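Biologist: Could you take me on a close look at the spot where the ligand sits, and walk me through what surrounds it?

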Amino acid sequence: MSKTTIQYVLSRLRELGVTDFFGVPGDFAFAINDAICEDKRLRFIGSCNELNAAYAADGYARIKGLAAINTTYGPGELGALSGMAGAYAEHVPIFHLTGQPTRATQDAHAVVHHTLGNGEFDLFYEMTAPAVCARTIISPENCVAETERLIAAALYHRRPVYMAIPSDVADQPIIGSPTTLAAPQSDPAALESAVSAIVAAVTKAKTACILPGIFITRLGLREQANAVVEASGLPFATMTMDKSVLDEAHPNYIGMYIGAWSDESVRAFVEDADCVLSIGCLQSDFNTGAFTAKLDRSKTIAVTHHRTRVGHAWYEQVEMKDVLAALAKRLPKRTDIRGPKPGDLPEPKGQGDAKITAEALYPRWARFFRRGDTVIAESGTPALGLTLARMPKGATFHNQTLWGAIGWATPAALGAALAAPDRRTILITGEGSHQMTVQEISQFHRFGLKPIIFVLNNSGYLIERLLCKNPNAYYNDIASWHYHQLPQALGCEGWYTSRVKTCGELDAALAKAQACTTGAYIEVVTDRDEAPPLATKMHQSTRTLYKR
Ligand SMILES: Cc1ncc(C[n+]2csc(CCOP(=O)(O)OP(=O)(O)O)c2C)c(N)n1
């Protein structure tokens, strides 16, 4: 018996390591929902809404390399669309499976629920186009070829793909035999030229460094990139989005390079180097300290996913994994090049009944992190306050730096925790962001996960107060919630919860959370203008940030 179309799709995703499907069921998607639940090796993770499903899948894919969501037609899939766009921007591959009305319904242009009532059925397929790198509508005849095309596209571009399955098609057998597409190969001559040019540039440089970027983790190439650091002995720094792609406890780590927002020693070392070997980095606003980074193109090498630039010369059809493997073998060991020692957040200020200031809070959070933690930091002041914290060995830091949708972090932390349940997951979010997607904390408890969640309550949208004309504009005020009571209301039985307003209370809560065997949820209350130094630098950089 050949597989049904949906069985084929699910089996291929399972082979690629996707065992969890985030989503909300619906009648046009029942055949997909049922097929997931019938396969005991797969799990349907019922999300509170489709946007949260997309964010959770995003967090999952950041750890596992690939994720999937399953929505119903129209309102379901469109709810996920903003999250898919974020995944597109940040190169996070998510397989979006959505159910459609039957082909007979579509052929009849029937007026059915979940449509605009105009008999048109391909509108949502069209709306999805810019947020995915490939999309398709499945039939029994095209299922095998289209599934393979979408998988290949998702892996080639590391971006989301969209597959609509009419509900009558889902249970029909595939027509045609399964074949997989070969992964792209480097052109041997181009690879040789690129690698020789890099080796020559590093060899003749008096000073050089590496900027390892986010693509290293997106491609699962941490070990290979680490081997390049080890072989070359070169110091490395990371930009904002790339934080912790390589271990910050590594002896060659020199700190964060964020243009003029960097520590001066790191900025000078990177910008004065004769050769900067960047591996999968993006020159975006927040990566470059509001475009203040000064990297001379003629001295910079950019190893990207499928091509490499050395100075002004591009080498096409050169896969990053092949470049890294060759560099680990061929780069000279430059023990003569020494970078600055990485900084860390200063000693925490304040104790006892003192209010929780930024100087009290962020260094305490940094000291709370342990080896191997997964830290999900939300856009806004929380991520900025932690960017310069040095992560312990094996700990990773995740932030949606480019797309920057607030609300991402809470479900993304759920996805990350499901993807790596043996690691400690720490969510740090502002309360404004948390309000957007907060229901998803209920899923941690539902799936037996024990996160540590910190909600920074500074009475509104602080980062916006720092960026807009009038910091007191009332559009940055928000409804005041009793955050620490939410876990109870959302069914997180037995969690440790607390609301802290003083340094002494914060210390006690941190100690409790450190020792906790249940989920922990701590609301940290500060004055509304308690901004960490990087947020203040951003405030001072609006001219270059907005190119005014
Ligand atoms: C989906 C979305 N809507 C609006 C914004 C604009 N925005 C950026 S930061 C921010 C406020 C974040 O506030 P909060 O989470 O409380 O963190 P804080 O900076 O106050 O610590 C807003 C509304 C956004 N980035 N994403």
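Modeller: Let's start with Gly404: one of its backbone N or O atoms lies 2.8 Å from a nitrogen atom of the ligand. Keep in mind that this is a predicted model. On its own, the ligand has 600 Å² of accessible area, and the protein covers 78% of that.

Now zoom out a bit. The ligand sits in the largest pocket. H17 gives the most, with four residues. The shell has 18 residues, and those that come nearest to the ligand are Thr381, Gly404, Ser433, Gly460 and Leu462. Sort the shell by class and you get eight nonpolar, eight polar and two charged residues.

And the pocket itself? It holds about 570 Å³ of space. Its lining counts 33 residues, and Ser379, Gly380, Thr381, Ile406 and Ile463 lie nearest the pocket's centre. H15, H17 and H19 turn up here too, each supplying at least two residues of the lining. By class, the lining has 16 nonpolar, 14 polar and three charged residues.

Key
Residues numbered from 1 in each chain as written. Predicted model: local features only at pLDDT ≥ 70, side-chain atom pairs only at ≥ 80, totals over all residues. Heavy atoms only, no water. Near = heavy atom within 4 Å. Polar contact = N/O pair within 3.5 Å; in protein donor to acceptor, adjacent residues only side chain to side chain. Areas by Shrake-Rupley, 256 points an atom, 1.4 Å probe, with all protein chains shown as cover. 1 Å grid on protein atoms, 1.4 Å probe; cavity = no way out; pocket = protein on both sides within 12 Å on 5 of 7 lines; lining within 4 Å. Sits in = over half its atoms within 2 Å of the grid points. Nonpolar A, V, L, I, M, F, W, Y, C, P; charged D, E, K, R; others polar. Points joined across faces, edges and corners; volume = space filled by probe spheres on them.
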